[in-house]
Amino acid sequence: MTARSPLGRAPALLWVPALVAVVFLVVPLVALVLATPWGSFLDDLRTPEVRAALWLSLRTSLATVVACALVGTPLAWVLARVEFRGRGLVRALVTVPLVLPPVVAGVALLAALGRSGLLGAPLRDATGVTLPYTTAAVVLAHTFVALPFFVISVEGALRSAGEAYDEAAAVLGATRWHTFRHVTLPLALPGVVAGGVLAWARSLGEFGATVTFAGNYPGTTQTMPSRIYAVYLDDPAAARTLAMILLLASVGVLLLLRNRWLTPGAAA
């Protein structure tokens, strides 16, 4: 028998809008499941264009996770462990891509790394390399929008772990680099894994910045979201199949992070 809350029964004025919110979030997902042409699901999945887009999405999303881990982990450590003037400003700038419209992110990347961009022009003049509309541009676009998710997750894990163990290692004579590798990072590993999964999911679903900065060329820059956009007007059923694949991937991410997001108090 469920124990009665000491606060009393929840008022209908809160229950009703809460149920409306749940219905609003769940019904479109259920509609997608029902509208997916399951009879041709495997056939659509086996088409060369879909397989190419899926393979490119997997490769670029995994490369994005690696890039986020390589640069995001040190950045999260600096924000969590190092006191310096302007740290609040740096943290604010890191989170800007979270609220930036994806298309704007793509335009910003073109302004910085395009053929005549702030960094792109010197790079082209020095090496002859241009980044836009290449597979590398897909990874850069994905990393730009996914990195804040990774940094916030790892920084939160580092702050939760506290500095007591770091200080103990320092008292015992460990250098800060040794402490980072053997004390700090292992303690923050769950946050690193969670950040990596979130970055992967964000990368897998990225569209606006990718199309703007990398284009939508089959086999080179056409990821799964770009493929959905390309086929929807001509073949809505095939687009629903592709959307269902990404929905299943999103559910898989949620299951991987169930202890973090689905358990009450776990994210605290």
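Four aromatic pairs turn up in this predicted model, where rings of Phe, Tyr and Trp (its six-membered ring) pair if their centres lie within 6.5 Å. Planes under 30 degrees apart count as stacked, over 60 as edge-to-face and the rest as tilted. Here are two of the pairs.

| Pair | Type | Centre to centre | Between the planes |
|---|---|---|---|
| W77 and F180 | edge-to-face | 6.1 Å | 75 degrees |
| W177 and F180 | stacked | 5.8 Å | 20 degrees |

Helices here are DSSP runs (H or I, at least four residues), numbered from the N terminus. W177 and F180, by contrast, are both in helix α9, and because they are three residues apart there, about one helical turn separates them. Ring pairs join W77, W177 and F180 into a cluster.

How buried or exposed is each ring's residue? Buried means under 20% relative accessible area, exposed over 50%, and partly exposed in between (1.4 Å probe, protein chains only). W77 is buried at 16% relative accessibility, and F180 is buried too, at 14%. W177, at 55%, counts as exposed.

Now follow helix α3 to another partner. Helix α3 (residues 48-81) packs against helix α4 (residues 87-99) at an angle of about 145 degrees, and their axes are 10 Å apart. Those axes are lines fitted to C-alpha atoms over the stretch in contact, with angles running from 0 to 180 degrees between N-to-C directions. Where do the two helices meet? L75, V78, L79 and A80 in α3 touch R87, V90, R91 and V94 in α4, contact meaning heavy atoms within 4.5 Å. The residues of this contact divide into six nonpolar, no polar and two charged; Ala, Val and Leu are among the nonpolar kinds, and Arg is one of the charged kinds.

Let us end with a loop residue. L131 lies between α6 (120-127) and α7 (135-161), and L131 is buried, with a relative accessible area of 17%. Leaving aside neighbours within four places in sequence, L131 is in contact with L113, L123, A136, A137, L140 and F213. The C-alpha atoms of L131 and R115 are separated by 7.7 Å, although these residues are 16 apart along the chain.

A few notes on reading the values: residues are numbered from 1 along each chain as its sequence is written, and side-chain values use heavy atoms, leaving out hydrogens and water. Because the model is predicted, local features need pLDDT of at least 70 and side-chain atom pairs count only at pLDDT 80 or more, while totals for chains, interfaces and linings use all residues.
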